[in-house]
Amino acid sequence: MNILQRLIGDRFDRAVMGVIAALLGTLMVVLAVGDQAGVGVLENSPADQADEARVTSPIRIQFSERMNPESVESHFRIDPPMSGRFSWVGAVLTFYPERAWSLGVRYTITLSAGAQAQQGRQLKESVRWTFSPAPPRVVYLAPANLSPDSEAPNLWLVDPQAPDQPRQLTRTTLGVTDYQPSPDGSRIVYVLNGTRGTSDLYVLQVQSGAVQPITNCGAVEARCLAPRWSPDGFRIVYERRELNPGLPEEDRDVPRAWIVNLRDLSTAPLLANPLLLGAAPEWSPDGTKIAVFDLNRGEIVIYDLVTTAVQNIPTQEGESGMYTFAPDSAHFVFPELLVFPGRFTTTLSMVDVTDPERGVIKLSGADTPPVEDAQPAWHPDGTRLAFTRRWLDGSGALNAQVYEFALETGTIRLLVDAPEYIHGAISWSPAGDKLVMQRFSPTGTEAVPSIWVLDAATGQVSPIAKDAYLPRWLP
């Protein structure tokens with residue numbers, strides 16, 4: 001090696017060492033400044049802007065790094081106080097309130113300085129913001145009167161306080177057949193008709209109007225329907241029926257439960273065994289169980305997603321999906337079919353899924369009550385259950401009216417008394433102060449369904465939409 005080559009080599013080595021030293025120095029400065037700056041809060045919600053705060057909105061805080069859960073939760077405060085549960089995914093904290101936020105109340109969320117990260121850094125300054133939840137609205141399908149000249153059913157949204165100002169949410173010529181709002185009210189999953197009898201699921205962002213397909217059932221000749229959100233809003237369970245004529249006959253048009261993960265749109269059957277069917281899936285409020293109806297077995301089957309335990313509830317009336325978990329996820333109400341000479345009817349029963357040995361409680365009364373009970377809807381406080389009832393022996397209204405069952409006393413009282421109407425599609429508002437329903441007169445001039453709201457405090461029933469059906473609350 002000549003002198004020139006040695007000089008070049010020495011200078012290169014010194015340059016490299018200089019760069020390394022500079023990088024190490026920069027790294028030390030960054031670490032020192034970073035430690036001095038502390039943990040950052042990248043995002044927090046809900047906020048008042050853009051109608052974001054709803055009565056069921058969870059509180060979410062995204063940190064700049066993974067935190068110590070116990071430390072953060074001990075520095076977390078809500079004023080006025082609200083009980084609930086914490087959930088962590090990476091560096092994101094979610095607080096789920098145990099009940100709806102109260103309307104007209106401004107809540108202050110405070111995360112005090114000192115909350116610690118897993119690596120020891122701390123939140124140097126407190127984070128504080130406020131929000132006041134907006135009142136819930138009602139989503140429905142319209143038109144209900146489907147004539148050859150009418151438009152296909154689409155999703156509509158209305159504020160019960162302003163029934164003359166409905167807003168159309170979807171505009172499709174194919175027709176929406178079913179839907180469900182997300183637990184926080186920010187999205188709606190809906191079933192859209194396809195060609196050749198197929199259907200797919202789509203998710204609508206209520207505020208922006210953006211729509212995203214989340215299944216491809218039409219492309220593989222299948223029907224996806226009956227979607228239900230997981231309580232955390234990250235997954236949707238749905239019913240899928242294969243229509244491909246190339247499949248064996250026993251595999252065509254039979255319901256199986258599937259789950260789609262909204263983070264990456266991966267989807268798979270709930271059950272690995274294809275012989276186990278699953279119509280009308282229903283998620284428990286705590287997210288640990290899914291109930292389905294298995295036509296082959298003539299049972300509602302409750303699958304525990306945590307313990308893998310299975311609970312079977314014999315019934316011949318499960319495909320309608322008229323079963324529901326109580327808000328505490330412990331009690332489960334389901335329909336039973338009663339057959340009489342020349343006729344049949346349905347009644348409602350309840351089991352404690354945490355203690356099946358307690359047996360079945362018949363909410364409709366005796367073994368052969370002269371009633372047809374259906375469409376159970378739990379009150380948010382879990383102490384009451386609304387349902388529809390019609391009397392078969394003439395001792396009450398022949399058209400379905402709305403009743404309420406009190407769990408503590410076992411008493412039943414009439415909630416909505418309008419014998420000229422048939423009532424259905426009932427559900428309580430998140431706060432339990434209102435009940436929405438559809439009604440129509442089978443013989444009068446109002447044969448087309450309309451949507452009404454009951455004020456639980458006053459007993460007043462008011463119309464909010466005409467030529468409409470299948471109402472549900474948007475929190």
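The model is predicted. Its secondary structure comes to 2 helices and 35 strands, and 47% of its 475 residues are buried.

**The whole protein**
- Along its principal axes, the C-alpha trace spans about 110 × 60 × 55 Å.
- The accessible surface comes to about 23400 Å², and carbon and sulfur atoms account for 53% of that area.
- Among contacts between residues at least 6 apart in sequence, 43% join residues at least 24 apart.
- You will find 39 positive and 54 negative side chains here, with the centres of the two sets 6 Å apart.

- Buried here means under 20% relative accessible area.

**Pairing with β11**
- Strand β11 (residues 176-181) runs antiparallel to β12, and 5 bridges join the two.
- To see one of these pairings, look for Q180, whose bridge partner in β12 is V189.
- The two strands form a hairpin with 5 residues between them, where G185 takes a positive phi near 80 degrees.

**Pairing with β13**
- β12 also pairs with strand β13 (residues 199-205), in the antiparallel sense and over 7 bridges.
- Here I188 stands opposite L204 of β13.
- This pair is a hairpin too, with 5 residues between the strands. In its turn, R196 has a positive phi of about 55 degrees.

Note on methods:
Residues numbered from 1 in each chain as written. Predicted model: local features only at pLDDT ≥ 70, side-chain atom pairs only at ≥ 80, totals over all residues. Heavy atoms only, no water. Pairing = 2+ DSSP bridges. Helix = DSSP H or I, 4+ residues; strand = E, 2+ residues; numbered from the N terminus. Buried < 20%, exposed > 50% of the residue type's maximum accessible area, 1.4 Å probe, protein only. Contact = heavy atoms within 4.5 Å. Areas by Shrake-Rupley, 256 points an atom, 1.4 Å probe, with all protein chains shown as cover. Lys, Arg positive; Asp, Glu negative; His and termini not counted. Charge placed at Lys NZ, Arg CZ, Asp CG, Glu CD.
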